[in-house]
Amino acid sequence: MNDEQIKHLIGDVLALPRETEWVEFKVNNADPQEIGEYLSALSNSAALHRKESGYLVWGIADGPGNHVVGTTFHPHAEKVGNENLEGWLTRLLSPRANFQIYETAVDLKHVVVICVQPAPGQPVRFGGTEYIRIGSYKKPLKDHPGKEGALWATFTAVPFERGVALTGATSEQVLRLIDYPSMFRLLNQGLPENRAGIIAKMVQEKVVLQKAPDRFDVTNLGAILFATNLANFDRLNRKSLRVIIYKGVNRVETLREQQDGKGYAVGFEGAIRFISEQLPQNEQIGEALRKEMRMYPELAIRELVANALVHQDLNLTGTGPTVEIFADRMEITNPGTPLIDTLRFIDEPPQSRNEGLAGIMRRINICEERGSGIDKVIWHVENFQLPAPEFKTTHEHTRVTLFAHRKLTQMDKQDRIRACYQHACLLHVSGGRMTNATLRQRFGIADHNYATASRIIGETVDQDLVRPFDSVSKSKKHIRIAELSTVARQGGMVLSQKMF
């Protein structure tokens with residue numbers, strides 16, 4: 001927020017008749033422990049009451065009129081031991097609560113405001129304890145089970161997209177913050193002739209919410225899709241897509257990094273173009289491929305980057321989608337674990353935790369909701385005769401790895417099994433079945449080396465990832481395989497997921 005917006009916010013706070021469960025007034029009390037506990041309480045209360053933020057304000061005396069008295073508290077100069085106050089608070093708040101500290105002058109008196117984001121999907125703790133506001137008092141959340149139950153209920157009721165990225169902006173500020181010409185172009189709509197028409201359409205698309213005459217809240221949905229620069233929205237700055245190019249196969253030396261900060265919709269084509277330009281040329285690996293082709297298929301990159309943007313857990317703070325390019329691979333990582341098992345990415349109907357975001361990205365043809373995006377990725381990877389992509393999850397992230405070309409003899413057992421399984425899945429969703437012959441074609445194995453394909457099929461069967469469609473025949477030369485990712489579609493066999 002700029003200074004004008006901060007003062008407008010303070011004006012709104014002063015208009016309150018008293019402290020609320022999401023607003024606390026202080027004069028000079030700057031005890032670090034107290035501040036941390038209040039941030040936990042205010043964050044949880046803001047989520048419970050569905051407010052865009054909780055506010056801890058210094059320099060205002062609580063009471064009739066909430067008048068400005070000023071404060072001697074200067075948070076950016078405060079330390080706890082050898083650690084600055086802001087870093088210390090960030091470290092002890094869990095999950096990481098997104099908060100911003102602002103200092104300004106009101107009537108020539110120093111005022112400090114800490115704005116804390118509503119609890120992101122679970123109660124915020126400070127030092128291991130969750131707090132809540134009961135009226136104007138701060139209390140441990142565990143002592144108020146009714147409040148705790150209501151708080152958990154709100155986490156499933158209010159999607160991130162309906163939250164507020166910036167409050168109290170004028171129409172002029174909105175038009176600076178949102179790339180509205182690109183928004184109308186992407187939505188394939190004519191640009192209105194005047195400001196009122198543009199704003200009206202933004203309200204209709206839930207990009208902004210009108211709060212008062214010429215005062216608007218910019219929604220998380222509007223900002224994350226159409227922002228001219230996400231850095232203008234404190235809560236969303238870390239959501240920008242980062243692209244990092246490394247020298248070699250590890251993260252020791254960075255060659256280049258880009259984080260241009262545009263909203264996902266208005267910045268998508270530029271991001272894909274930048275990624276493609278960083279990729280080395282592919283070696284000639286087959287008669288169907290030309291030497292000048294890039295190492296990875298662009299359509300596969302588009303699908304995977306779009307998926308990372310759309311399916312991320314936007315409630316996770318301090319992290320965002322990342323594309324990392326190494327000499328031998330490319331990793332695309334997004335915050336949050338998937339809603340379906342990674343083994344079912346190819347055949348399972350799609351599920352999105354960000355329906356509003358996915359809906360608009362689909363309307364502007366950046367992604368689709370039919371569930372065929374990963375199918376396309378696998379198809380293009382096979383067409384390039386690349387190793388099968390790897391889908392992995394960590395505690396809080398999902399990562400897809402595209403590998404540079406390797407000969408079959410350079411692939412390890414896990415590479416071969418993963419490729420065989422994905423090939424069988426791809427054929428299944430296309431109405432076909434994998435055979436020894438189709439697998440030979442996928443790997444570029446000569447027909448007389450059918451035993452090699454049989455061995456790969458056998459390894460995949462041993463891992464319970466595929467099974468023979470014809471269980472009577474013992475030959476693997478023309479064996480047909482019915483791929484099954486979790487539960488066998490015929491025979492009821494439960495298949496192991498231990499490989500991935």
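**Entry: Arg399 and Glu331.** I looked up this pair in the predicted model. Arg399 forms a salt bridge with Glu331, and the closest N and O atoms are 3.6 Å apart. The pair links distant parts of the chain, 68 residues apart. Arg399 sits in strand E19 (residues 397-403), and Glu331 sits in strand E17 (residues 329-335). Next I checked accessibility. Arg399 is partly exposed, at 30% relative accessible area. Glu331 counts as buried because its relative accessibility is 8%, under the 20% cut-off.

**Entry: the network.** Which residues are linked with Arg399 and Glu331 in a network of salt bridges? I found Arg251, Glu324, Asp328 and Arg329 there with them. I then took the count of salt bridges, and it comes to 26.

**Entry: Arg418 and Glu390.** I noted a salt bridge between these side chains, at 3.9 Å from N to O. This pair also links distant parts of the chain: Arg418 is in helix H13 (residues 413-429), Glu390 is in strand E18 (residues 390-393), and 28 residues separate them. Arg418 counts as buried, at 3% relative accessibility.

**Entry: Lys7 and Asp3.** I found a salt bridge here with its closest N and O atoms 3.3 Å apart. Both residues lie in helix H1 (residues 3-14), 4 residues apart, or about one turn of the helix. Lys7 is partly exposed at 39%, and Asp3 is partly exposed at 38%.

**Entry: the largest pocket.** I read its space as about 710 Å³. It has 29 lining residues, and those closest to its centre are Val158, Pro159, Phe160, Arg162 and Gly163. Helices H2 (32-48), H4 (145-157) and H8 (220-226) each give two or more residues to the lining. By class, I noted 12 nonpolar, 9 polar and 8 charged residues.

Terms used: Residues are numbered from 1 along each chain as its sequence is written. This is a predicted model: local features need pLDDT of at least 70, side-chain atom pairs count only at pLDDT 80 or more; totals for chains, interfaces and linings use all residues. Side-chain values use heavy atoms; hydrogens and water are left out. On a 1 Å grid over the protein atoms alone, a cavity is a set of points where a 1.4 Å probe fits but cannot get out, and a pocket is an open set with protein on both sides within 12 Å along at least five of seven lines; lining residues have an atom within 4 Å of a point. Grid points are joined across faces, edges and corners, and a volume is the space filled by probe spheres set on the points. Ala, Val, Leu, Ile, Met, Phe, Trp, Tyr, Cys and Pro count as nonpolar, Asp, Glu, Lys and Arg as charged, and the others, Gly among them, as polar. A salt bridge is a side-chain nitrogen of Lys or Arg within 4 Å of a carboxyl oxygen of Asp or Glu. Buried means under 20% relative accessible area, exposed over 50%, partly exposed in between (1.4 Å probe, protein chains only).
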